[in-house]
Amino acid sequence: MKKFIYLSLIFFLLIFFIFIFLAKDTTRKIGINYNVFEYKIPLYLKINDFFNRHLNYSYLTDQINKEQRNKEDIIINTSKWVYQNIKKIPEGVEVVDHHPLTIVQRRLGVQSQFNDILSVLLVYEDIDSFFMKNFGKTYHPLTFFKLNNKWSVIDPYYGIFFINEDETFASLEDLKTYNWNIVNLNSQLIKSSEINVLFFEKFQNYDEVIDHYRKIFNDIQSSKQIDSIHIFDRGGRSYTQTPLNRLKFEIYKLFNL
């Protein structure tokens with residue numbers, strides 16, 4: 001009887017301390033027009049929101065790719081969904097940087113946010129992915145993904161990717177050696193007449209587009225370099241959205257691994 005009382009007491013004390021811990025305030029950040037604000041919420045609510053986002057990502061990727069069978073099609077189809085469903089932010093509309101799911105909920109994003117949400121969705125499809133924004137002196141967000149042990153890139157903001165002479169995803173090594181062509185998300189070669197439509201008059205002609213991406217690819221990391229970088233240091237937030245990876249990330253931060 002005494003043992004039961006002691007165990008019951010320990011159990012209720014444990015529940016009490018867990019409740020106190022979860023009721024503690026923690027901070028959350030939100031960026032509005034590139035100004036970052038902090039506000040407090042209870043820890044239990046932050047945890048609840050995290051699992052809610054996780055379920056949303058899982059459901060969304062299941063819906064996007066329910067008819068896809070191989071990873072190449074999943075990569076293109078997911079990119080196409082982002083390109084078609086996330087709109088460029090019009091002038092005068094606030095830029096909100098909160099969680100990647102916010103991009104889906106608003107159906108609006110700037111260039112980096114297109115890559116942010118695409119890389120997250122690809123990781124939920126069990127495809128290694130992250131994004132980077134700066135290449136040398138050039139700012140141009142790109143999504144990196146790994147297929148068949150090769151890293152490649154895709155540009156969801158403009159709805160394009162790169163193929164090699166074998167008409168497969170151009171590897172980073174292909175990109176560095178100029179073995180690439182630009183195709184749209186229907187796998188069609190880009191024509192000079194499409195430049196203004198795709199790139200919103202950012203470039204005057206096809207040669208300018210080629211020169212722009214060549215500068216980026218000259219400064220891009222090699223596959224070997226990327227593989228040597230810890231997943232949490234590669235770029236973006238793609239690897240920290242699943243519960244298991246988030247736990248690994250917190251341990252990684254705690255012990256400075």
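Helix α5 (111–124) is followed by Asp126, whose phi is positive, near 65°. The structure is a predicted model, in which local features require pLDDT of at least 70 and side-chain atom pairs count only at pLDDT 80 or more, whereas totals for chains, interfaces and linings use all residues. Residues are numbered from 1 along each chain as its sequence is written, and side-chain values use heavy atoms, with hydrogens and water left out. Helices (H or I, at least four residues) and strands (E, at least two) are DSSP runs, numbered from the N terminus.

Helix α5 has 14 residues and reaches 21 Å from its first C-alpha to its last, close to the 20 Å expected at 1.5 Å a residue; the expected span is 1.5 Å times one less than the number of residues. Because 14 of the 14 residues of α5 are buried, the helix is largely enclosed by the rest of the structure. Buried here denotes under 20% relative accessible area, exposed over 50%, and partly exposed in between (1.4 Å probe, protein chains only). Across the protein, buried residues make up 44% of the 257 residues, and the secondary structure consists of ten helices and ten strands.

A pocket is an open set of points on a 1 Å grid over the protein atoms alone, where a 1.4 Å probe fits, with protein on both sides within 12 Å along at least five of seven lines; lining residues have an atom within 4 Å of a point. The second largest pocket has a volume of about 290 Å³, taken as the space filled by probe spheres set on the points, which are joined across faces, edges and corners. Of its 14 lining residues, Tyr34, Asp97, Ser112, Gln113 and Lys133 lie nearest the centre. Two or more lining residues are given by each of α5 and β6 (129–135), and the largest share, three residues, comes from α5.

Helix α2 (residues 43–64) has 22 residues and reaches 32 Å from its first C-alpha to its last, close to the 32 Å expected. In α2, Leu43, Phe50, Arg53, His54, Tyr57, Leu60, Thr61 and Ile64 are buried. These residues cover an arc of only 135° around the axis, which puts them on the same side of α2; the arc is that of the directions from the helix axis to the C-beta atoms. On the other side of α2, Leu55, Tyr59 and Asp62 are exposed.

Apart from neighbours within four places in sequence, Arg53 is in contact (heavy atoms within 4.5 Å) with Arg28, His99 and Leu101. The C-alpha atoms of Arg53 and Pro100, 47 residues apart along the chain, are separated by 9.0 Å.

Helix α3 (residues 71–85) has 15 residues. Its buried residues are Ile74, Ile75, Ile76, Asn77, Thr78, Ser79, Trp81 and Val82. The elements covering them include α2, α4 (100–106), α5, β7 (138–147), β8 (150–155) and β9 (160–163).
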